[in-house]
Amino acid sequence: MVGIVIVSHSWKIAEGVCDVASEMAQDFEKIITAGGLEDGSIGTDAQRIADAIVEADTGDGVVILADIGSSIMSAEAAIELLEDEGHEINAVIADAPIVEGTVCAVVEAAAGGSVDSVLASAEESKDASKL
């Protein structure tokens, strides 16, 4: 099963997104948050994200959803850290809104989708109309 990692500058946002997405696929267990810094303050930490990727991985890959700016850079750095450490995890970053993208990704992953289909589902959410 594909794992999902939620990266946000705020642990509150990451946990909230996880809560919403978990309601859509209640049996899905591989949604891991990496929000904020270790002390709970605002920010991102590549090592915390790398740890979340490892925790989310079941061997089928990991899709990362992030909020803004440096969270993407931190996620990219986390992937590089894992590669440098010899991990062979297929981790990809979705170009998607964090809430809608996570919900779509979790539903697709829970249905047994591949990392490519989970990524596509997350990214398709940016074109969804809300009205």
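1. Start with a term. A residue is buried when its relative accessible area is under 20%, exposed when over 50%, and partly exposed in between (1.4 Å probe, protein chains only). By that cut-off glycine 35, at 5% relative accessibility, is buried. Glycine 35 belongs to strand β2.

2. What you are looking at. This is a predicted model, in which local features need pLDDT of at least 70 and side-chain atom pairs count only at pLDDT 80 or more, while totals for chains, interfaces and linings use all residues. Residues are numbered from 1 along each chain as its sequence is written, and side-chain values use heavy atoms, with hydrogens and water left out.

3. Helix and strand names. Helices (H or I, at least four residues) and strands (E, at least two) are DSSP runs, numbered from the N terminus.

4. Helix α5. This helix covers residues 115-124. Which of its residues are buried? Val115, Val118, Leu119, Ser121 and Ala122 are. They sit on the same side of α5, because they cover an arc of only 160° around the axis. The arc is that of the directions from the helix axis to the C-beta atoms. Asp116 and Glu124 are exposed on the other side of α5.

5. Salt bridges. How many salt bridges does the structure hold? There are 3. The term means a side-chain nitrogen of Lys or Arg within 4 Å of a carboxyl oxygen of Asp or Glu.

6. Arginine 48 with glutamate 38. In this salt bridge the closest N and O atoms are 3.4 Å apart. Arginine 48 lies in helix α2, and glutamate 38 in the loop between β2 (31-35) and α2, so the pair ties together parts that are 10 residues apart in sequence. Arginine 48 is partly exposed, at a relative accessible area of 24%. Glutamate 38 is exposed, at 66%.

7. Lysine 126 with aspartate 95. Here the closest N and O atoms are 3.0 Å apart. The pair links distant parts of the chain, 31 residues apart: lysine 126 is in the segment after α5, and aspartate 95 is in the loop between β4 and α4 (98-110). Lysine 126 is partly exposed, with 44% relative accessibility.

8. Glutamate 100 with lysine 130. Their side chains meet in a salt bridge at 2.5 Å, N to O. This pair also links distant parts of the chain, with glutamate 100 in helix α4 and lysine 130 in the segment after α5, 30 residues apart. Glutamate 100 is partly exposed at 26% relative accessibility. Lysine 130 is exposed at 68%.

9. The negative patch. Asp51, Glu55, Glu76, Glu80, Glu83, Asp84 and Glu85 gather in a patch of negative charge on the surface. Patches are made of residues with over 30% relative accessible area and no salt bridge; like charges are joined within 9 Å, and nonpolar side chains (Val, Leu, Ile, Met, Phe, Trp, Tyr) within 5 Å. Which helix gives the most to the negative patch? It is α3, with 4 residues. Both α2 (46-56) and α3 (70-84) supply at least two residues. Glutamate 85 is placed in the loop between α3 and β4 (91-93).

10. The nonpolar patch. Val20, Met24, Val99 and Val107 make a nonpolar surface patch of about 320 Å². The area comes from the Shrake-Rupley method with a 1.4 Å probe. At least two residues each come from α1 (11-24) and α4. Valine 99 is in helix α4, and is partly exposed at a relative accessible area of 39%. Valine 20 is in helix α1, and is partly exposed at 39% relative accessibility.

11. Two distances to check. Serine 74 is in helix α3 and is buried, with a relative accessible area of 12%. Valine 20 and isoleucine 53 are 33 residues apart in sequence and 20 Å apart in space, C-alpha to C-alpha.

Methods
Lys and Arg count as positive and Asp and Glu as negative; His and the chain ends are not counted. The place of a charge is taken as NZ of Lys, CZ of Arg, CG of Asp or CD of Glu.
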